[in-house]
Each structure stands twice: as structure tokens, then as C-alpha cells.
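Here's a quick briefing to read with the model open in your viewer.

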Amino acid sequence: MLRDYSLQPADVPVHFPALLSASRKEALRTDVKRLLKERDAVLVAHYYVAADIQDLADETGGCVADSLEMARFGRDHPASTLVVAGVRFMGETAKILSPQKRVFMPTLQAECSLDLGCPPDEFRAFCEANPDRTVVVYANTSVAVKALSDWVVTSSVGVPIIEHLSARGEKILWAPDKHLGAFVRAKTGADMLLWSGACVVHEEFKFNALEDLKKVYPDAGVLVHPESPAAVIDIADRVGSTSQIIRAAQELPHDTFIVATDRGIFHKLRKSAPGKRFIEAPTAGDGATCRSCAHCPWMAMNELEALAATLESGDNEVLVDPVVGTRAMQPLQRMLEFQAQ
Ligand code: SF4
């Protein structure tokens with residue numbers, strides 16, 4: 001029987017971003033803009049990183065996106081250097097898809113609980129014990145785990161890809177997120193065997209507290225990322241990836257939304273749907289740990305000072321073993337080709 005690969009509170013770091021004066025921020029923003037040009041670099045940021053960094057990506061011709069779009073943008077952009085503001089698997093994915101480019105991150109300490117909860121050796125044994133199944137892994141995994149897979153998916157393409165494989169009669173081995181896996185299984189009816197990892201941020205959204213909040217805001221729409229527990233997903237008006245949540249906020253008629261995903265997304269939500277009101281879905285984690293603050297502690301490590309320092313020093317380069325990277329590229333390419341059809 002597979003053990004539970006969710007992280008314990010003690011394994012999750014607490015990270016408090018530095019408070020910067022307005023003048024210091026402006027000086028750093030100026031430095032980053034200059035250094036991006038000097039290094040022929042483009043900034044690729046995730047929706048969950050700090051608003052300052054998202055704005056810099058937008059203002060300098062980079063992108064702010066979900067992990068699928070980040071991967072595609074980095075691969076297709078002509079810059080010789082990519083600076084990825086996100087977590088480690090995003091930097092690695094950029095490097096796998098663009099091995100000829102140099103890829104840097106503001107910090108190499110930015111992990112992901114799903115990646116950490118899927119050790120390659122144990123995952124290999126799980127695959128070997130189930131050789132009749134097509135191995136599908138979520139993008140939030142290490143290069144080594146991707147290299148063991150047949151397909152990589154993101155939350156925006158998980159359902160259509162599993163539908164496609166299931167229609168071909170394939171049985172699925174899914175890793176690492178048990179909540180996203182259960183959501184995809186319920187949507188598609190596919191035969192899916194699930195690994196038991198979880199996102200420390202999304203797992204904290206609580207159904208009872210969300211129901212109470214709905215009573216206070218009865219007309220609010222509920223937008224939920226599918227890494228959340230099933231009970232939270234079940235009362236959503238729209239379930240989707242970060243990009244799909246942003247689109248839903250624009251499309252749905254509600255004036256107010258309760259949003260169950262990392263609160264870093266609120267910056268883009270407010271820009272994309274001005275005039276609408278966004279409320280954080282409630283969490284009830286373990287006291288004062290970052291498990292209960294609806295903000296990923298690893299995403300929070302992408303700070304303006306670290307970004308400028310990386311560009312200045314050339315530290316924090318993402319390196320991937322070329323053999324493992326080439327193997328991992330195949331399932332990633334499959335996803336990108338499927339999505340492009
Ligand atoms: S929010 Fe969750 S899934 Fe995203 S990087 Fe953080 S721990 Fe991983």
C-alpha cells in the first residue's frame with residue numbers, strides 16, 4: 001500500500017519577504033530592467049509570485065502565466081537567457097525545453113511540496129509495480145520523475161489528455177497530486193491509480209469555513225483550483241488552472257468572487273477584471289505556519305532583491321543532466337503538441 005506523501009508542517013519553510021521602501025523598490029526595478037537588457041534575458045513569472053515581479057515581467061516584454069504558458073513562452077522567446085520567477089520545477093522545465101539557453105532563478109531554494117513528495121526512486125518502484133499503466137505526471141515534479149513518465153500534464157490540460165488516453169483504452173498511473181488526480185478521475189471516468197502527494201497551500205482550503213463565508217457573501221462566485229480537496233471543488237462555480245480562474249473571473253456575471261488558490265493570483269485578477277471584488281477562500285491550517293496562509297512559502301522566496309542579485313552575479317543557474325533532460329523532454333513535448341492541436 002502506498003504511503004501518504006503529503007508534507008508535514010515541520011517540513012514546510014516559513015518565509016517572510018523583506019519590506020522595502022518605495023525608493024529601494026524603484027532602484028531595484030531600474031536595475032532589473034537594465035540587467036535584463038544587458039544579459040539578453042527575458043523574465044518569465046508565475047501568477048503566484050510577488051506583484052512587483054509580475055509587473056516587471058509585464059513591463060519588460062516577459063510573461064506572467066501558468067506553468068504551461070511559462071514553458072511555451074520560454075521555449076519560443078528569442079532571448080538567449082531565461083529568468084524564471086517561480087519554483088524549481090518551472091526553471092527545470094524551461095531548461096529541458098530550451099537546453100541551448102541559460103536559465104536562472106532568483107533562488108534555487110524554491111521547492112514545491114508536490115515535487116518534494118514524489119522521490120524519484122520510490123516513484124520508479126511504483127511504476128515498475130504497475131507496468132500495464134500509462135504514466136502521467138503533473139508538471140510539479142522533478143526532471144527525474146518526468147523522465148520516468150509517458151506524459152506530463154498541467155492543471156489546464158489534465159482532463160482532455162486523460163480523456164484522450166482513456167478513450168484509447170489506456171489505464172493510468174497518476175502522480176503526484178491526489179486531489180487533482182481525484183478531480184480528473186471524477187471528470188473523465190478513467191481508470192486511474194493515484195500517488196498520494198498534495199499541495200501544502202491548496203490542501204488547506206476548508207469546506208466548512210467556505211460554506212460559512214458563502215453565507216456572508218451569498219451572491220459571490222466560487223473559483224477553485226483543482227489541487228484543492230474534493231469538498232471544496234464540489235461547491236465551486238468554476239474549477240480550473242490559474243489561467244482558467246482568471247478567465248472565469250472575466251466571463252462569469254458575478255461582481256464578487258471567493259477564490260481558492262494562492263493569493264499571489266489576486267494581483268492579476270484585479271488587473272484582468274477591474275471593478276470586481278476578490279475574497280480569499282478561508283484556510284484553517286496548523287496555527288502560525290505557512291500551511292495556513294494561502295500563500296506558497298516557496299513562491300514567496302522570489303523577491304525583488306534576489307532577482308536583481310541573480311541578474312547581477314550570474315548565480316542560481318538551473319542545470320539539468322542532459323541525458324535525463326532529453327528523456328524528460330519527450331513527455332513534455334507530447335503535452336505541448338497535444339495542446340497545440
Ligand atoms: S502553491 Fe502548491 S503546487 Fe504551487 S508551487 Fe507551491 S506547493 Fe507547489
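In which loop is Asp-40 found? Asp-40 sits in the loop between helix 1 and strand 1. Keep in mind that this is a predicted model.

**Ligand shell**
- The ligand has 14 residues around it, and the closest are Cys-112, Ser-113, Cys-199, Val-201 and Cys-296.

**Domains**
- The domain assignment gives domain 1 (20–111 + 298–317), domain 2 (114–198 + 324–340) and domain 3 (202–292).
- Domain 2 and domain 3 have C-alpha centres 26 Å apart.
- Nine residues of domain 2 are in contact with 13 residues of domain 3, and the domain 2 side of that contact has four nonpolar, four polar and one charged residues.

**Core**
- The largest nonpolar core has 108 residues, and those with the most contacts inside it include Val-44, Val-84 and Leu-223.
- Leaving out residues up to four places away in sequence, Val-84 touches Val-44, Met-90, Gly-91, Ala-94, Val-103 and Met-105.

- An open sheet of four strands has the order 10-9-11-12, with parallel pairing.
- Strand 10 (238–239) and strand 12 (277–280) are at the edges with a single partner strand each, so one side of each has no neighbour in the sheet.
- Strand 9 (residues 221–224) runs parallel to strand 10, and two bridges join them.
- Leu-223 has Arg-238 as its bridge partner in strand 10.

**Helix 14**
- Helix 14 (residues 304–313) has Leu-304, Ala-306, Leu-307, Ala-308, Thr-310 and Leu-311 buried.
- Those buried residues are covered by elements including helix 1 (22–38), strand 1 (41–46), helix 2 (51–59), strand 3 (81–85) and strand 4 (102–104).
- Just after helix 14 comes Gly-314, with a positive phi of about 75°.

- As background, most residues other than glycine have a negative phi, and most peptide bonds are trans.
- Asp-40 isn't a glycine, yet has a positive phi of about 50°. Asp-40 is exposed, because 12 other C-beta atoms lie within 10 Å and the cut-off for exposed is 12 or fewer.
- Asn-316, also not a glycine, has a positive phi of about 65° and sits in the loop between helix 14 and helix 15 (322–340). Asn-316 is buried, because 21 other C-beta atoms lie within 10 Å and buried takes 20 or more.
- Ala-175 and Pro-176 are joined by a cis peptide bond, with omega about -10°. Pro-176 is in the loop between strand 7 (172–175) and helix 9 (178–188).

Technical notes:
Residues numbered from 1 in each chain as written. Predicted model: local features only at pLDDT ≥ 70, side-chain atom pairs only at ≥ 80, totals over all residues. Near = placed C-beta within 6 Å. Domains from an automatic or database assignment. Contact = placed C-beta atoms within 7 Å. Nonpolar A, V, L, I, M, F, W, Y, C, P; charged D, E, K, R; others polar. Core = buried A, V, L, I, M, F, W, Y, C linked by C-beta atoms within 7 Å. Pairing = 2+ DSSP bridges.
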